[in-house]
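Dear colleague,

I am handing over the structure we spoke of, with the sequence alongside. Please have it open while you read the notes that follow.

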Amino acid sequence: MDPHPSTSRRDFLKTSSVAAVGAGLAQISLQSSVYASGDDSVKIGLIGAGGRGTGAASQALSVAPNAKLTAVGDIFENAAQAAASNIKGAIGDKASRVTVTPETTFSGFDAYKKVIESGVDLVILATPPGFRPIHFEYAVNAGKHVFMEKPVAVDSVGVRMVLAANEIAKQKKLKVGVGLQRHHQVGYLETIQRLKDGAIGDILALRVYWNGGGVWDPRVSWEKKTSEMEYQIKNWYYYNWLSGDHINEQHIHNLDVGCWVKGKYPVKCNGMGGRQFRTDKKYGEIFDHHYVEYEFDDGTIMYSQCRHIPNCWNSVSEHAHGSKGTVDISGYKIDGAEKWRYRGPNPNPYQVEHDDLHAAIRSGAEYNEGDNGAYSTMTAIMGRDATYSGQVINWDDAMKSEISLMPKVFSFDADPPVKADAEGRYPVPMPGQTKVL
């Protein structure tokens, strides 16, 4: 899908890392070594051994005809060491596909490099999203196929890194999958194709929601922390530099669907948000609700809500209103001149996305979801910028931002980019005061 007319891919690359591009071009010859070891299995390295990482690895090992998990890396040693056993338990009779050894189990901030350099064909990137651009760039420069979870960044600097590295991936003909699994979900594919064929006429407005009770509570208390960096990474969801806030971490799915329907990305947005339920210091710095109005270049509005507050109206869904009818996209139901509802099979899209990626690796077919993953991530970041600042945010201005949320140094005794006061309370964005660009 092309970005909106006012911001072309060429414009993105003008502000991307030249150094990254140069390093990538120097490694193009490595592509010839990918998936050419003589073994008919695809050798996989997992980077990030948390719940989503072990889940993604389990699905990648369930593809046909064969795949092997040969290396695992995580910042935390206990997580890395437990990963192989956890994944074996999850895949049952396919446990022999896990061939990780102590020599291919890595921990620390540089574990990703060791996994990528261990002889794998494909890497799964499943750490907290803030690390994604760094890991993706390194994997692409090393000539590896990639499956990376969404979102692919937490700030504009990271989005530009991903876009630049993805250009190298295309030149090397590497396969890149992104964990926006609705693109592999039959009901979504059937419904959105009908919208593009004109089932409800011109799309006039969109509504997208991720409203629920919230996610896991922080795993380590502030009083028991051993280092600020370790504390924040273990409680990563609640820190903007690690998750990008929940509008980025989860609501990206729904925003991505809205952009998919429009075939483009919004040009500007405004919004509001705050925290009313998650006010305890243990919840770090992120909001618990966001409301954003996105505008596309043709004037179409996408109304966006995401909320993490219990005992409220919940909905994780997407809807479109057209000149000739309406559609519940997530319900696969069209109410227009011709009513329609998808009632066919609906295989697990989390498995299908890995099936599709591995099929492309084996066949050599073109397969790259990197740009869409980056642009959909940028859509979520732009919405967060609007709710944090209380200002209208333009796409072009947001894309050009040089504000990096990431630490300058990665080690457990280094300073993270945000710190608590003496009572353990972190600064929370204040609309009207917080600067985002």
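Strand β8 and strand β15 (residues 393–394) pair in the antiparallel sense through 2 bridges, and within that pairing Cys 269 stands opposite Ile 393 of β15. This is a predicted model, and the pairings described here should be read as such. β8, which covers residues 268–274, is also joined to strand β9 (residues 289–295) by 7 bridges, again with the two strands running antiparallel; there, Gly 273 has His 290 in β9 as its bridge partner.

A further set of pairings involves strand β11 (residues 315–322), a mostly covered strand in which 6 of the 8 residues are buried. Strand β7 (residues 203–212) pairs with β11 in the antiparallel sense over 8 bridges, with Ile 203 bridging to Gly 322. β11 also pairs, antiparallel and over 4 bridges, with strand β12 (residues 325–328), where Gly 322 has Gly 325 as its partner; β11 and β12 form a hairpin with 2 residues between them.

Turning to the helices, the axes of α8 (residues 186–196) and α12 (residues 252–262) come within 9 Å and cross at roughly 35°. The residues of this contact divide into 7 nonpolar, no polar and 1 charged, with Tyr 188, Leu 189, Ile 192, Leu 195 and Lys 196 of α8 meeting Val 257, Trp 260 and Val 261 of α12.

As to confidence, the chain averages a pLDDT of 92, and 91% of the residues score at least 70. Over residues 5–36, however, pLDDT stays under 50, and for this stretch the model has 57 contacts beyond four places in sequence.

With best regards

Technical notes. Residues are numbered from 1 along each chain as its sequence is written. This is a predicted model: local features need pLDDT of at least 70, side-chain atom pairs count only at pLDDT 80 or more; totals for chains, interfaces and linings use all residues. Side-chain values use heavy atoms; hydrogens and water are left out. pLDDT is the predictor's confidence in each residue, from 0 to 100. Contact means heavy atoms within 4.5 Å. Two strands pair if DSSP finds at least two bridges between them. Axes are lines fitted to C-alpha atoms, for helices over the stretch in contact, and angles run from 0 to 180 degrees between N-to-C directions. Ala, Val, Leu, Ile, Met, Phe, Trp, Tyr, Cys and Pro count as nonpolar, Asp, Glu, Lys and Arg as charged, and the others, Gly among them, as polar. Buried means under 20% relative accessible area, exposed over 50%, partly exposed in between (1.4 Å probe, protein chains only).
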